[in-house]
Amino acid sequence: MTSPRRRSRLRAAALVVLAVEVPVAAALLVARTTSSAQALEPGAHAFIQEHPDGTPVTWDPCSPIGYAVNWDHAPAGALELLTDAVDSVEDATGLTFQAVGATRVSPTSASAVDVLPAGAEVLVSWVPTADEQLYRDGEALAWARPVVTGGVYTRGQVSLDADWFAAASREQARGVLLHELGHLVGLDHVDDPSQLMDAGGSRGRVYQQGDLEGLAELGPRSGPRCS
């Protein structure tokens, strides 16, 4: 019998998940929710970057992904929402996330990742609509940027529209956050509206079969087994 995998837990004083810092495809999505009882639908998945042999670029599957959170504009329930989303990504990939602490760093800072708490590669934050051009223009509800160094993802940022998240239902907010964390760990958009990583928006609030198949290729479930 396999022993349960350790999970990181967000604490009220700090923390969340993400990794890398070069702009990749921003998640321009409008969340459309469906019944929580919906069956997983088969579908496509795609990766942000691939190696010459066709395998996806991933985070180091044998090292935890350290993340710090800027809670300044986080909505009510943000801690529980993030904890749940991080657990979902860990379950789907086999990767481990490690909460490092809180930060006041803004995701718009050019050196954001360099000034995070020690051990943090990723910054997660909620940003007021007025402070982000994409949000002001109605072009996005969130974005995630992963960055590659030496053939693996090493740093990242996730930015979330604070005003939209404050007004959204839990299901809508969860769908958008899961979509962004999918980008963080290496999933790209797909032209398949049945999947959460659909390029035009997320139809559901959970990962579907195509999403899960892609996520499984991005962690130790399909690569080295790490203790």
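Is Arg-104 buried or exposed, and which residue does Arg-104 form a salt bridge with?

A: This is a predicted model, in which local features need pLDDT of at least 70 and side-chain atom pairs count only at pLDDT 80 or more, while totals for chains, interfaces and linings use all residues. Residues are numbered from 1 along each chain as its sequence is written, and side-chain values use heavy atoms, with hydrogens and water left out.

Arg-104 counts as exposed, at 67% relative accessibility (buried means under 20% relative accessible area, exposed over 50%, and partly exposed in between, with a 1.4 Å probe and protein chains only). Its salt-bridge partner is Asp-72, with the closest N and O atoms 2.9 Å apart; the term stands for a side-chain nitrogen of Lys or Arg within 4 Å of a carboxyl oxygen of Asp or Glu. Because Asp-72 lies in the loop between β1 (65–70) and α1 (78–93), and Arg-104 in the loop between β2 (97–102) and β3 (122–127), the pair ties together parts that are 32 residues apart in sequence. Helices (H or I, at least four residues) and strands (E, at least two) are DSSP runs, numbered from the N terminus. Asp-72 itself is partly exposed, at 40% relative accessible area.

The structure holds 3 salt bridges, and another of them joins Asp-84 to Arg-174, whose closest N and O atoms are 2.4 Å apart. This pair links helix α1, which holds Asp-84, with helix α4 (residues 170–185), which holds Arg-174, across 90 residues. Here Arg-174 counts as buried, at 16% relative accessibility, whereas Asp-84 is partly exposed, at 26%.
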